[in-house]
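Here are a few notes to read alongside the model.

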Amino acid sequence: MALEKKLEAVFDLDGEPLVLGGRLDRLDRLDRQPEGGLEIVDYKTGRRETADAYLLKRDLATIIYSLVVLRRYPGASVAGVRYVLLRRAMDVAVSLTEEEMDAGLEHLRRIAREIKASRDFPALANPLCPWCEIQIKGQCPIYVDYPLPMPGQPEPPEE
Ligand code: SF4
């Protein structure tokens with residue numbers, strides 16, 4: 001249905017907008033299944049990506065993708081998110097019930113409230129630094145030579 005699609009949707013946060021969004025690798029319409037629905041496909045390229053459906057179901061990406069697609073395609077049902085683990089040649093499909101999506105949205109609202117209440121945002125080096133737009137633009141105050149590859153470069157060998 002669509003490849004590499006940036007999607008956003010606006011939710012309510014105590015009367016103010018809460019914008020959720022992300023870049024979907026793929027969005028498929030499951031016409032072949034009797035119940036139909038939209039399936040979000042996310043490609044994972046790392047060697048150590050989890051295949052644990054319990055964890056993937058609770059991943060913020062699963063919650064955000066599902067909420068945003070549901071909001072942007074009213075009337076459609078979201079069949080779930082399929083994580084394709086390319087290095088492990090396997091995929092894991094997870095889906096959220098309506099109640100789980102509601103609980104996920106409340107969880108995101110709690111996070112947003114905590115962020116709004118914070119006044120200090122110290123930069124904290126983490127494994128995602130090589131992909132951080134702030135760092136790529138040369139604006140991170142602490143990023144110097146984080147020992148992880150930049151996108152497109154080979155990962156370090158397994159120990
Ligand atoms: S590169 Fe800097 S700003 Fe970006 S995530 Fe890392 S520490 Fe934070």
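1. The shell around the ligand has 10 nonpolar, two polar and no charged residues. Here Ala, Val, Leu, Ile, Met, Phe, Trp, Tyr, Cys and Pro count as nonpolar, Asp, Glu, Lys and Arg as charged, and the others, Gly among them, as polar. Among the residues around the ligand are Leu124, Asn126, Cys129, Gln135 and Tyr143; a residue belongs there if its C-beta atom, placed from the backbone, lies within 6 Å of the molecule.

2. Please keep in mind that this is a predicted model, where local features need pLDDT of at least 70 and side-chain atom pairs count only at pLDDT 80 or more, while totals for chains, interfaces and linings use all residues. Residues are numbered from 1 along each chain as its sequence is written.

3. Asn126 sits in the loop between helix H3 (98-117) and helix H4 (133-136). Helices (H or I, at least four residues) and strands (E, at least two) are DSSP runs, numbered from the N terminus. Asn126 is exposed, because 10 other C-beta atoms lie within 10 Å; the cut-offs are 12 or fewer for exposed, 20 or more for buried, and partly exposed in between, with C-beta atoms placed from the backbone. From Asn126 to Tyr143 the C-alpha to C-alpha distance is 9.9 Å, at 17 residues apart in sequence.

4. Of the 20 residues of H3, zero are buried, so H3 lies largely in the open.

5. On the strand side, E2 (residues 16-29) and E3 (residues 38-44) pair in the antiparallel sense over four bridges, whereas E3 and E4 (residues 78-85) run parallel, joined by seven bridges. Pairing requires at least two DSSP bridges between the strands.
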